[in-house]
Amino acid sequence: MKCYYHEDREAVATCQHCGKALCKACAGLYNPCLCEECAQILRDQQVEQARTAEEARRQRYLDALVDTRSEFLRTCVYGVITALILRYMLAQGNASGAQLMLYTAWFFFIPFGWKLITYLQSFMPLTIFGTLWFWVFWALVKGTISILIGIPAFLYQLVKTFFVQRKIQAVSQVRPQDAERI
Ligand SMILES: [Zn+2]
Ligand SMILES: [Zn+2]
């Protein structure tokens with residue numbers, strides 16, 4: 001039997017994939033032993049697999065960014081709800097119109113403070129969150145701190161979301177093969 005590519009050479013092996021006869025020189029080109037065509041098909045498959053994996057990685061990254069953005073928008077909604085509820089409660093008292101407006105604006109930021117403390121809380125050892133009374137106490141402390149740090153916490157999350165938004169745009173525009181550089 002002669003080599004598929006060289007009519008003048010004796011075949012010493014066959015392509016592992018399609019069974020074409022190959023001479024010594026051709027058989028030594030690939031490991032496992034493959035003909036040109038099958039080797040090319042295999043390369044194409046590998047490129048396609050790498051592309052698919054890269055696309056999936058990029059999608060996960062984009063999803064995480066979008067999550068961060070929706071989290072911010074969700075906190076804004078909580079802020080509006082918190083402000084409306086507290087404003088309603090405050091309006092039962094004898095606060096003036098200007099005070100009401102100021103407080104209502106401030107109340108909006110409370111969920112941002114709360115969210116930041118919740119995040120910091122994840123670094124605390126779980127053992128200190130033992131009893132029910134501790135949770136009640138902790139909720140009061142957390143509420144108070146939330147009111148105090150609401151505005152800076154909001155600014156921090158606003159800036160973060162701004163950069164996340166820019167990353168989302170960059171990732172959405174870029175071709176998959178360029179995504180590594182972000
Ligand atoms: Zn082959
Ligand atoms: Zn050959």
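This briefing covers the fold, a helix pair, the nonpolar cores and one cysteine. The model is predicted: local features need pLDDT of at least 70, side-chain atom pairs count only at pLDDT 80 or more, and totals for chains, interfaces and linings use all residues. Residues are numbered from 1 along each chain as its sequence is written, and chains are lettered from A and ligands numbered from 1 in the order in which they are written.

**Overall fold**
- The protein chain has five helices and two strands (DSSP runs, H or I of at least four residues for helices, E of at least two for strands, numbered from the N terminus).
- The order along the sequence is β-β-α-α-α-α-α.
- The C-alpha trace spans about 105 × 40 × 20 Å along its principal axes.
- The radius of gyration is 32 Å, whereas a compact globule of 182 residues would have one near 16 Å (taken over C-alpha atoms; the globule rule is 2.2 Å times the number of residues to the power 0.38).
- Buried residues make up 15% of the 182 residues (buried: 20 or more other C-beta atoms within 10 Å of the residue's own, with C-beta atoms placed from the backbone).

**Helix 2 against helix 5**
- The axes of helix 2 (residues 36–91) and helix 5 (residues 132–173) come within 9 Å and cross at roughly 145 degrees (axes are lines fitted to C-alpha atoms over the stretch in contact; angles run from 0 to 180 degrees between N-to-C directions).

**Nonpolar cores**
- The largest nonpolar core has nine residues, among them Phe107, Trp114, Leu116 and Phe154 (a core is a set of buried Ala, Val, Leu, Ile, Met, Phe, Trp, Tyr and Cys residues joined through C-beta atoms within 7 Å).
- Helix 3 (97–108), helix 4 (110–121) and helix 5 each give two or more residues to this core.
- Helix 4 gives the most, with four residues.
- Leaving aside neighbours within four places in sequence, Leu116 contacts Ile149 and Ala153.
- Another core, of eight residues, lies apart and includes Cys3, Tyr4, Cys15 and Cys26.

**Cys3**
- Cys3 sits in the segment before strand 1 (13–14).
- Cys3 counts as buried because it has 21 C-beta neighbours inside 10 Å.
- Beyond residues up to four places away in sequence, Cys3 touches Arg9, Ala11, Ala21, Leu22, Cys23 and Cys26.

Conventions:
Buried ≥ 20, exposed ≤ 12 C-beta atoms within 10 Å, placed from the backbone. Contact = placed C-beta atoms within 7 Å.
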